[in-house]
Amino acid sequence: MEKFTMAQFKLYSQGDILSLINQRVGETKLGERVQTVAQLAELEFSTAKFVLLGIPEDIGVRANYGLGGAHTAWQPALKALLNLQQNAYLNGADILVLGEFEIAENHSSDVDALRGSVSEIDALVFPIIQAIVAAGKTPMVIGGGHNNCYPIIKGVSLALQTPVDVLNIDAHADLRNPNEGRHSGNGFSTAIQNGFLDQYRILGLQKNYITEAQQQFISQTKAIKAFYFDDLLAYQQDLQVSAEMLLNGTKQPLGLEIDLDSIGGVLASAGTPSGFSVNQIRQLLLQLRKNFAYLHISEGVYQLSDGRKDETIGKTIAYLVSDFVKSN
């Protein structure tokens, strides 16, 4: 396993967790029961199945000519999740809150410089994911740009010594040329090129936002299949049935990616007024039960660089994370 600098990753203590909880007499919040570790080597001794961590950065989005702001979703999402009720339906002891990557902001407007920084983030992220999976745990990652799908897939693949299959709920394919420099639009093509991603499935791809080159690549590559949102809408197709059909031919390990730009009305790096509803995605999470190897929720934004805010983004992500835990 390649070395990484722990100074670039902040491990959360119980004190860090408790500072985010609104405690109330007679109630127990999820955050009062979650686990933490003092060092990565302790992961394998934890009884928690799920490991939560954040990648608060927007460099990959800006390197893809997008609006900044994806670094702002992690903290409100974490606080919303920790303040859910501990009860018979959701047990905080099943979750270990590991911490967050501390990524220095790159304020450059130079795309080449930003893409160089994304490659550095790749190198920082994948060893942590590899360590989590090697300890027998399921990473739950809150981003951050969708560029981080690549180091997550790489980390899982290296830990399990096999390529990963992925279901990506997304309005975009993120299959741009991997040789143009790393950014949020080529994470999956980079993973395919480097042999870490095998079967790739895209649910909710928007016809208005697929390039001719990507459409041709998908049609010519047997390992890639997509269901377009436009077709699901036109033919009123059941989402779970469609997802099950799309997953035919996939195997374990199977990762789950949710790009929040696939959900209508949610503030995201490339937000949309037309997409799935939050309840549709929640229902899908609760129904699929595929024992996913990881969860990655990307592109969510509390505040965009142009000033727009989404005060409910934390709760939206907390719903998705808690549904994933319940169904897995």
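Strands β6 and β7 run parallel and are joined by five bridges. Helices (H or I, at least four residues) and strands (E, at least two) are DSSP runs, numbered from the N terminus. Two strands count as paired if DSSP finds at least two bridges between them. Within this pair, Tyr200 has Ile224 of β7 as its bridge partner. The model is predicted: local features need pLDDT of at least 70, side-chain atom pairs count only at pLDDT 80 or more, and totals for chains, interfaces and linings use all residues. Residues are numbered from 1 along each chain as its sequence is written, and side-chain values use heavy atoms, with hydrogens and water left out.

Strands β6 and β7 belong to an open sheet of nine strands. The order is β1-β3-β2-β4-β9-β8-β5-β6-β7, and the pairing is mixed. The edge strands are β1 (9-11) and β7, each of which pairs on one side only. On average, neighbouring strands of this sheet are turned by 15 degrees against each other, direction ignored. Here axes are lines fitted to C-alpha atoms, for helices over the stretch in contact, and angles run from 0 to 180 degrees between N-to-C directions. Strands of a sheet pair through backbone hydrogen bonds, either parallel or antiparallel.

Helix α9 spans residues 239-246. Its buried residues (under 20% relative accessible area; exposed is over 50%, partly exposed in between; 1.4 Å probe, protein chains only) are Leu239, Ser242, Ala243 and Leu246. They lie on the same side of α9, because they cover an arc of only 100 degrees around the axis. The arc is that of the directions from the helix axis to the C-beta atoms. The cover over these residues includes strands β5 (164-169), β6 (197-205) and β7 (224-228). Helices α8 (229-234) and α10 (278-288) are also among the covering elements. At the start of α9, a side-chain oxygen of Asp238 comes to within 3.1 Å of the backbone nitrogen of Gln240.

Two cis peptide bonds were examined. One joins Gly143 and Gly144, with omega about 10 degrees. Gly144 sits in the loop between β4 (138-143) and α5 (149-160). Another joins Gln252 and Pro253, with omega about -5 degrees. Pro253 is in the loop between α9 and β8 (254-259).

Positive phi values were also examined. Asp174, a residue other than glycine, has phi near 55 degrees. This residue lies in the loop between β5 and α6 (187-193). Asp174 is buried, with a relative accessible area of 9%. Gln236, also not glycine, has phi near 50 degrees. Gln236 is in the loop between α8 and α9. At 72% relative accessibility, Gln236 is exposed.

Gln35 counts as buried, at 18% relative accessibility. Contact means heavy atoms within 4.5 Å. Leaving aside neighbours within four places in sequence, Gln35 contacts Gln14, Ser46, Thr47, Ala48, Gly92, Ala93, Ile95, Leu96 and Val97. With Ser46, there is a polar contact between the two side chains, at 2.8 Å. A polar contact is a pair of N or O atoms within 3.5 Å; within protein, one must be able to donate a hydrogen and the other to accept it, and residues adjacent in sequence count only if both atoms are side-chain atoms.
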